[in-house]
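Welcome! Take a moment to look over the structure shown here, and then let us walk through a few of its features together.

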Amino acid sequence: MIPPSPVIRVSHLTKRFGAQVVVDDLSFEVAAGETLVLLGPSGCGKTTLLKTLNRLIEPNGGTIEINGRDVRQQKPEELRRGIGYVIQQVGLLPHLTVAQNVGVVPGLLGRPPAETAARTTELLNRLHLPAERFGPMLPAELSGGQQQRVGLARALAADPPVILLDEPFGALDPITRTAVRRDFRELDELRRKTVVLVTHDVTEAFELADRIMLLDKGKIQQLGPPRELLLHPASDFVRSFFQAEQLALQLRVVTLAEVQPFLPQGQPAASADTPTLPPTASVHEALGQLDAGAASAFRLADQPQVITRGQLLAAFGQALG
Amino acid sequence: MSLLPDLFTFWHEQAGKLGHQTLQHVALTAAALGLGVAVGVPVGLWLTRRPRWQGAVLGAAGVLQTVPSIALLGFLIPFMGIGARPAIVALLLYSLLPIIRNTVAGIQGVPPAVVEAARGLGFTNGQLFRQVELPLALPVIMAGIRTATVINVGVATLAAYVAAGGLGEFIFEGISLNNPVMILAGALPSAALALAFDAGLGALAALSARRLRAVGLGLLVVLPLLAAGYWGPQLLGARRGQPALQAAFSPEFVGRADCLPGLSRIYGLGKLPHGVLAPALVYEALRDGRVDVIDGYSTDGRIRAYGLRVLRDDRHALPPYYCAPVLRPEVLRAHPELGPVLDQLSGQLSDSAMTNLNYQVDNLHRDPKAVALGWLRRRGLLKAPRPLPPGAPEVRLGSKIFAEQYILVEMYAALIRGNTDLGVATKTGLGGTTICFEALRGGQIDMYPEYTGTGLQVLLQPSAAVLDSLGGRPEAVFSYVQAEFGRRYGLAWRAPLGFNNAYCLLMREQQATELGITSISNLGKYLQK
Ligand SMILES: Nc1ncnc2c1ncn2[C@@H]1O[C@H](COP(=O)(O)OP(=O)(O)OP(=O)(O)O)[C@@H](O)[C@H]1O
Ligand SMILES: [Mg+2]
């Protein structure tokens with residue numbers, strides 16, 4: 001299989017504000033359907049980098065190609081209509097209804113109103129904002145979490161192949177944040193899209209990212225899959241960045257297949273109602289299953305014997321060695 | 001209190017005038033407002049793109065706002081003459097600050113996050129402006145326009161001072177005639193207009209941002225239409241052929257029964273088209289040929305300076321206005337020596353002498369005091385001021401706000417200083433008749449020069465029967481005024497000074513000669529043709 005060609009290709013991108021170099025000679029690619037998370041301390045240049053992709057900020061040097069075309073060869077507004085964009089402050093148009101907000105980009109693209117209306121209804125329903133109730137409301141009548149869902153629906157409405165999100169779940173309380181994030185993850189549309197997402201939140205990055213780009217002072221510190229950054233940090237900066245949440249993150253990246261060699265042998269065979277998990281599931285997911293369900297043990301697919309909570313944690317400890 | 005029934009009677013009797021003035025008022029306001037929106041909103045928008053200019057432009061508009069409206073009109077007259085043009089320009093200048101300022105504030109008040117999100121979604125600059133910034137700024141811009149409207153309706157009352165008409169005509173006539181009913185007759189509709197305009201614009205704004213087009217159309221179509229309601233007929237009138245002569249009269253002259261209405265009746269001046277104009281402006285308007293007939297005072301220095309002709313009142317329709325000091329008798333009782341001193345002037349000033357003195361002040365711009373002392377010296381009446389004994393009581397002299405009164409007050413002051421041990425304080429420029437009179441009654445001043453006709457018509461306002469019995473005879477009027485002032489107000493008139501500063505009709509000497517007009521009868525006959 002030929003690897004999918006990159007949708008976004010950035011080379012030697014540089015942006016300065018006065019004497020301050022905010023984006024420093026960055027080169028990277030994002031493949032079709034991939035979710036790249038930009039992570040890093042405040043002020044490291046995440047927002048600036050994201051905005052250069054849709055030309056809200058013009059860089060001082062370097063090139064950006066999207067779908068094989070240099071962004072500078074397109075009119076900014078035409079480029080932007082093909083790229084979904086969500087900002088932290090949401091920025092819904094306060095004088096338009098929820099439905100009108102969602103339909104903004106299809107409207108700019110001149111799509112037929114009936115088609116836009118159907119698409120709006122579908123998206124709002126899918127994001128748990130029943131269209132007949134929320135569609136006619138004004139943004140000011142919604143809660144913060146509801147507004148962010150509308151912002152998400154608006155970015156998706158024209159079905160753009162690329163979506164940029166700048167801290168889309170910021171400024172929400174943890175419970176709402178988790179709920180909106182879950183809705184986001186469960187949108188199967190997003191699986192097909194190329195996503196670049198900025199966040200402060202390490203857990204969020206691990207949950208959503210195919211690859212994480214860890215930035216500091218405008219430079220890439222490490223770019224790779226989450227587990228690689230966690231288990232094989234390229235520098236002390238990368239290591240210390242994840243230090244505080246080390247254990248929680250490890251639970252998320254280590255799979256059952258990796259702990260299997262350390263599990264005790266000769267356990268009793270499972271009964272028919274023992275829950276089954278795939279070897280690709282993370283330890284975190286397995287623990288979640290045990291905590292939530294009535295069962296006290298589970299088994300791996302294609303393996304006969306049961307595994308208890310204690311045995312799993314012991315094997316996890318050994319696997320990290 | 002018969003104010004309210006009187007008011008309704010007045011409106012009923014003057015319904016035609018009221019309608020016309022209201023129409024003019026609406027038209028002036030609407031024209032200025034339309035221009036204000038057409039200029040102010042684009043300037044405000046431009047300023048949001050050029051923030052560096054904001055300080056300068058808003059500062060300039062702010063300074064304009066602080067110029068007193070009457071002064072602003074005065075500035076404009078040399079450039080634009082009289083009539084609707086300077087009035088509209090003045091109103092326009094007043095409406096700029098609130099409109100520009102609110103436009104800037106409205107656009108800048110759009111949350112940056114909304115602008116960024118809209119850009120990020122692919123709005124062009126134009127779409128961002130029309131579909132996002134303008135609709136969101138609209139309530140604030142409309143608030144500015146409403147502020148400008150209320151200011152404009154109020155200031156438009158001053159348009160009556162420059163012959164632009166409007167409800168100010170009633171108000172100024174009412175003020176100069178000391179007639180509260182007349183003042184209210186103009187002021188109440190003006191206030192009602194302000195409320196109506198405000199409500200109309202409020203309704204327009206409530207159409208909400210989503211109907212931007214409706215709001216824009218509403219402002220840019222309705223306002224010119226309202227303005228056309230006034231000038232349309234005027235333009236039609238112009239096409240039917242301009243009347244041969246145009247007059248401008250001061251508010252008091254228009255409103256007083258014995259002035260324009262009396263003249264119209266007696267001489268048949270009904271066909272003379274006239275505007276209302278501030279007394280201070282009528283002479284220049286006549287000199288500059290903007291109008292052909294004005295009312296004036298027969299001792300005014302400008303008659304001589306501008307080459308004007310007094311039309312003879314051959315049928316004695318205009319009332320006599322002999323000047324005499326009015327004072328509080330307490331002052332005379334406390335200082336009996338004052339009476340003979342004041343009387344030194346009685347009968348001493350002829351019409352031509354007074355005209356000449358006024359000419360020196362009004363037209364040669366000499367100091368009233370110097371002019372007054374010069375005349376006293378020539379008459380041998382001037383004495384060096386006596387040294388004041390400590391704690392000497394003071395006589396307070398008041399005057400209305402024109403040269404003749406300043407000169408007379410300076411004469412009295414010099415006479416009192418030279419012949420008594422009393423101090424003198426002058427309170428000049430007390431505005432019109434009512435202010436001087438009330439100051440005298442209230443004891444804020446002790447004396448001021450008044451005219452028999454004014455005392456009769458403005459202050460005493462006797463019945464038509466009494467007026468008829470007096471019949472415009474100077475001695476009869478003086479005796480009546482003297483007696484009635486004593487009886488009603490406890491105030492005393494001294495003997496008149498000699499000159500009769502009566503109302504008169506004036507034309508340019510040259511034009512009057514060409515048309516062969518020397519008397520008001522001639523004028524009436526000329527108009528009948
Ligand atoms: N328009 C601008 N003019 C000048 N400096 C700017 C501008 N925008 C950003 N910067 C500077 O560039 C640096 C990076 O800003 P950026 O917004 O990209 O950071 P960030 O990584 O998104 O931070 P955060 O996580 O706090 O949002 C900061 O030091 C900021 O002060
Ligand atoms: Mg940021």
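This is a predicted model: local features need pLDDT of at least 70, side-chain atom pairs count only at pLDDT 80 or more; totals for chains, interfaces and linings use all residues.

## Chain B as a whole

Chain B has 529 residues, and 53% of them are buried. Along the principal axes, the C-alpha atoms of chain B fill a box of roughly 95 × 65 × 50 Å.

Chain B holds 25 helices and 10 strands. Looking at contacts in chain B with a separation of 6 or more, 79% are between residues 24 or more positions apart.

## Two helices packing in chain A

Now let us turn to a pair of helices in chain A. Helix 15 of chain A covers residues 283-292, and helix 16 of chain A covers residues 309-320. They pack at an angle of about 165 degrees, and their axes are 11 Å apart. Angles over 145 degrees count as roughly antiparallel, and the two helices are therefore roughly antiparallel to each other. Their crossing is left-handed.

## Where the two helices meet

Which residues bring helix 15 and helix 16 of chain A together? From helix 15 come A:V283, A:A286, A:L287, A:L290 and A:D291. They meet A:R309, A:L312, A:L313 and A:F316 in helix 16. Sorted by class, this contact between helix 15 and helix 16 of chain A has seven nonpolar residues, two charged residues and no polar ones.

Conventions: Residues are numbered from 1 along each chain as its sequence is written. Chains are lettered from A and ligands numbered from 1 in the order in which they are written. Side-chain values use heavy atoms; hydrogens and water are left out. Axes are lines fitted to C-alpha atoms, for helices over the stretch in contact, and angles run from 0 to 180 degrees between N-to-C directions. Helices (H or I, at least four residues) and strands (E, at least two) are DSSP runs, numbered from the N terminus. Angles under 35 degrees count as roughly parallel, over 145 as roughly antiparallel, 65 to 115 as roughly perpendicular and the rest as oblique. A crossing is left-handed if the near helix is turned anticlockwise from the far one by less than a right angle, and right-handed if clockwise. Contact means heavy atoms within 4.5 Å. Ala, Val, Leu, Ile, Met, Phe, Trp, Tyr, Cys and Pro count as nonpolar, Asp, Glu, Lys and Arg as charged, and the others, Gly among them, as polar. Buried means under 20% relative accessible area, exposed over 50%, partly exposed in between (1.4 Å probe, protein chains only).
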